[in-house]
Amino acid sequence: MRSLDRRTFFQLGAALAGTALVVSPWRSALAAVFDGPGPFGPLLSPDENGIQLPEGFRSRVIAKAFEPVPGTGHEWHIFPDGG
């Protein structure tokens, strides 16, 4: 693993600050694109799995962190992130 020296730390910080300055003016334009009901309609109340979905969609749990996956000997990893 590579260590982070002082120069690299400040270069990354400057790059991040520059990105924030460039992206900020576009925030309202991007919000108009990404906010709102979307092409499938508004999200309904959370279902039995706690997930908000548009009408006609459904969810199911296929695995949970640190629990064995049914039908296998595999233990599901800590960060499933929607996988």
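Phenylalanine 9 is partly exposed in this predicted model. Its relative accessibility is 49%, a value that falls between the 20% limit for buried residues and the 50% limit for exposed ones. Phenylalanine 9 sits in helix α1, which spans residues 6-23. The residue also belongs to a nonpolar surface patch. Leu4, Phe10 and Leu12 complete this patch, whose area is about 440 Å².

Two aromatic pairs were found in a search of the whole structure. One joins phenylalanine 9 to phenylalanine 10, with ring centres 5.4 Å apart. The planes of these two rings meet at 75 degrees, so the pair is edge-to-face; the cut-off for that class is over 60 degrees. Phenylalanine 10 is likewise partly exposed, at 48% relative accessibility.

The other pair is formed by phenylalanine 40 and phenylalanine 57. Here the ring centres lie 5.3 Å apart. The planes stand at 70 degrees, so this pair is edge-to-face as well. Phenylalanine 40 and phenylalanine 57 both lie in the segment after α2, so their pairing ties together parts that are 17 residues apart in sequence. The accessibility of the two partners was also computed. Phenylalanine 40 counts as exposed, because its relative accessibility of 57% is over the 50% cut-off. Phenylalanine 57 is partly exposed, with a relative accessible area of 44%.

Serine 59 is also placed in the segment after α2, the helix of residues 27-34. Serine 59 is buried. Its relative accessible area is 17%, and the class requires a value under 20%. Two polar contacts involve its side chain. One, of 2.5 Å, reaches the side chain of aspartate 47. Another, of 2.9 Å, reaches the side chain of asparagine 49. With neighbours within four places in sequence left aside, the contacts of serine 59 are Asp47, Glu48, Asn49, Ile51 and Leu53.

For the protein as a whole, the secondary structure consists of two helices and zero strands. Buried residues account for 7% of the 83 residues. Contacts were also sorted by sequence separation. Of those with a separation of 6 or more, 0% link residues 24 or more positions apart.

Technical notes:
Residues are numbered from 1 along each chain as its sequence is written. This is a predicted model: local features need pLDDT of at least 70, side-chain atom pairs count only at pLDDT 80 or more; totals for chains, interfaces and linings use all residues. Side-chain values use heavy atoms; hydrogens and water are left out. Helices (H or I, at least four residues) and strands (E, at least two) are DSSP runs, numbered from the N terminus. Buried means under 20% relative accessible area, exposed over 50%, partly exposed in between (1.4 Å probe, protein chains only). A polar contact is a pair of N or O atoms within 3.5 Å; within protein, one must be able to donate a hydrogen and the other to accept it, and residues adjacent in sequence count only if both atoms are side-chain atoms. Contact means heavy atoms within 4.5 Å. Patches are made of residues with over 30% relative accessible area and no salt bridge: like charges are joined within 9 Å, nonpolar side chains (Val, Leu, Ile, Met, Phe, Trp, Tyr) within 5 Å. Accessible areas come from the Shrake-Rupley method with a 1.4 Å probe; for residues, only the protein chains shown count as cover. A salt bridge is a side-chain nitrogen of Lys or Arg within 4 Å of a carboxyl oxygen of Asp or Glu. Rings of Phe, Tyr and Trp (its six-membered ring) pair if their centres lie within 6.5 Å; planes under 30 degrees apart count as stacked, over 60 as edge-to-face and the rest as tilted.
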